Amino acid sequence: ETAVVVAVDGPAGSGKSSVSRQVARRRGYGFLDTGAAYRALAWHALEHGADTSDSTAVLDVLGDFDYAISLDPDDRWVRVGDVDVTAAIREPRVADAVSGVARVPAVRQALTALFRALVAASDLPAVVVEGRDITTVVAPDAPARILLTAAPEVRAARRSAELTSQDAAAVAEALHRRDAADLKVVDFLAAAPGVEVVDSTDLDFDQTVDAVLAVIDRAL
Ligand code: C5P
């Protein structure tokens, strides 16, 4: 019996990753950060010296992309081959390259198949799968589908609080650039029919977790 999917989408800095992880912990579910997979592929492309704005070059490195990720919300790791890239995929150079990689249709198909296989192979009751196209493409039939949003200035402020070494204006700018590039591929700012919106603009972390749990409890 395959695990139930709790699908969570949202833009960068909406808090969806930390919120989704906490939701998974609270319910004993698995947690799959799909953005980490796209980032791992971007890291892999950069390692090979590939031009990530060139889809042919990206497709070349997709062939030997050997990737593993933890579904345990309390033990977060990502590996490419035998390299642990958990920290490296958070570097700005990876964030700057990831949209180019994520734009390639064959990449999206390959990673979507991988996400479904990871969920199918899990022996957990449910997996919280978090990303940009989970409610619409990866798991459109999931019983619980949530779009997590927040006002742009709130998202930028949360991101710069996470990355204290960079100044807020530069963080807001990089975030805006990445969202604009990603929006050309997937519309993750509008909720598809049947998707519940949780707006965290005026909620703190625990309140946002509770709002997401309320949606899940109504659906499952
Ligand atoms: O969520 P995170 O910011 O880590 O995602 C990194 C990048 O991965 C996004 O900017 C986007 O380009 C890509 N992505 C995607 N589809 C997903 C998840 C992430 O295209 N489901």
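## Ground rules

Buried here means under 20% relative accessible area, with exposed over 50% and partly exposed in between (1.4 Å probe, protein chains only). The model is predicted, so local features need pLDDT of at least 70 and side-chain atom pairs count only at pLDDT 80 or more, while totals for chains, interfaces and linings use all residues. Residues are numbered from 1 along each chain as its sequence is written, and side-chain values use heavy atoms, leaving out hydrogens and water.

## Glycine 10

Let's start with glycine 10, which is buried at a relative accessible area of 0%. Glycine 10 belongs to the loop between strand E1 (4–9) and helix H1 (16–27); helices (H or I, at least four residues) and strands (E, at least two) are DSSP runs, numbered from the N terminus. Leaving aside neighbours within four places in sequence, the contacts of glycine 10 include Lys16, Arg132 and Phe188, where contact means heavy atoms within 4.5 Å.

## Serine 14

The loop between E1 and H1 also holds serine 14, which is buried with a relative accessible area of 2%. Beyond its neighbours within four places in sequence, serine 14 is in contact with Leu148, Arg155, Arg158 and Ser200.

## Charges over rings

Arginine 132 lies over the face of phenylalanine 188, 5.3 Å from the ring centre. Over the ring of tryptophan 77 you will find the charged end of arginine 79, at 4.2 Å from the centre.

How values were computed: Lys NZ or Arg CZ within 6 Å of the ring centre and 35° of its normal.
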